Amino acid sequence: MKIAIWSVTRGAGKVALKLSEKISADVYTLKKFEIDNSIQMENFTDKLESKFSSYDAHIFIMATGIVVRKIASLIKRKDTDPAVLVIDEKERFVISLLSGHLGGANELTEELAEKFSLLPVVTTSSDITGKIAIDTLSQKMQCQMENLEKAKNITSLIVDNKNVDILLPKNVTVGKNCGTSSGVVISSNKENIEVMRIYPENLIIGVGCRRGTVKENILIAIEKVMKKHNLSYRSIKKIATVDVKADEKGLIEAAKALNKELIIVDRKEIAPIENMFKGSEFVKKQIGVTCVSEPCAYIVSNKNGIFLEKKFIDNGITISIYEEKFGDE
């Protein structure tokens, strides 16, 4: 987690430096105080506006009123906003102000309270009543939620002591890290039934293509195979390809369009396992290994799952999909 600590007084600057000795963080202080080992700023408002989206969490050593006014125009959505915490200059309280669940502010608040002997202030209803919110559950399971509004509605039912069931397919193993490839959260309240699907990020997409293949064709091929298996894009974890395609513009652009990380696999990693997959001697003559999409998907995965699609070929593009077993360490 990338953290920034902000202060606008000399005393708060010293507190910020003290915090940074135990947690990794960038410390911002006003230039006029000339506080060493900090990033000295001329103008607090301008610097905060330019850096707000660059950090996962912001800790402000100042009054909550100042913080609320300064971040009001910067916050956008609860699933994208960074965590915001406030600590008073006398080091008595640490307050989780924004993005308590998805942003991790509540968890960071508890962590700082323990490390620096502060009193944690967490006001989210699910936390103070000892109940888990749906967005927290999804985060802990490393899943993506179908809909934030549905998550809020279901969480409100949990807080209101209504019956809420987590329904899992029969073939799902529930272990230490409970999970499912198609988990559905359903409220059994007859007057207000809410249904929401949460998607594990456990699909590795292996891609092979001809030189010069355009982004649009790659996206079309992925769309066809995703539809074939009724899969959600929310479950794509990574896209993988071989090193000779590292500069393939269409593939790079396709990964960016899907907002997924493109992992490059060295052919030296493929060679020892290429016999596990059906390959082509023609391909071997071209790049030195017999196959690309399958071994790339397999190598990038946790190797504890199955292939949903071994080799889907469309317009010179090969797509493989490896589904990691969800819920195992």
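Me: What should I know about the numbering and the model?

Reply: Residues are numbered from 1 along each chain as its sequence is written. The model is predicted, so local features need pLDDT of at least 70 and side-chain atom pairs count only at pLDDT 80 or more, while totals for chains, interfaces and linings use all residues.

Me: How is a pocket defined, and what volume does the largest pocket have?

Reply: On a 1 Å grid over the protein atoms alone, a pocket is an open set of points where a 1.4 Å probe fits, with protein on both sides within 12 Å along at least five of seven lines. Points are joined across faces, edges and corners, and the volume is the space filled by probe spheres set on them. Here the largest pocket holds about 510 Å³.

Me: Which residues of its lining lie nearest the centre of the largest pocket?

Reply: Lining residues have an atom within 4 Å of a point. There are 22 of them in the largest pocket, and Gly208, Cys209, Val283, Val292 and Thr318 lie nearest its centre.

Me: Which helix gives the most to this lining?

Reply: Helices (H or I, at least four residues) and strands (E, at least two) are DSSP runs, numbered from the N terminus. Helix 11 gives the most, with four residues. Strand 12 (203-209), helix 11 (281-287), helix 12 (293-300) and strand 15 (305-314) each supply at least two.

Me: What is the volume of the second largest pocket?

Reply: The second largest pocket has about 400 Å³. It is lined by 16 residues, with Asp79, Leu102, Cys143, Gln144 and Met145 closest to its centre. Helix 6 (134-140) and strand 8 (143-145) each contribute at least two residues to this lining.

Me: What is the strand order in the open sheet of five strands?

Reply: Two strands pair if DSSP finds at least two bridges between them. The order is 14-13-12-16-15, with mixed pairing. Strand 14 (261-265) and strand 15 are the edges, each pairing on one side only. Strand 12 and strand 13 (residues 236-242) are parallel over four bridges, and isoleucine 204 has lysine 238 in strand 13 as its bridge partner.

Me: Which strands does helix 12 lie across?

Reply: Contact means heavy atoms within 4.5 Å. Axes are lines fitted to C-alpha atoms, for helices over the stretch in contact, and angles run from 0 to 180 degrees between N-to-C directions. Helix 12 lies across strands 12, 13, 14, 15 and 16, at about 25 degrees to strand 16. Helix 8 (residues 215-228) runs at about 130 degrees to strand 15.

Notes: Side-chain values use heavy atoms; hydrogens and water are left out.
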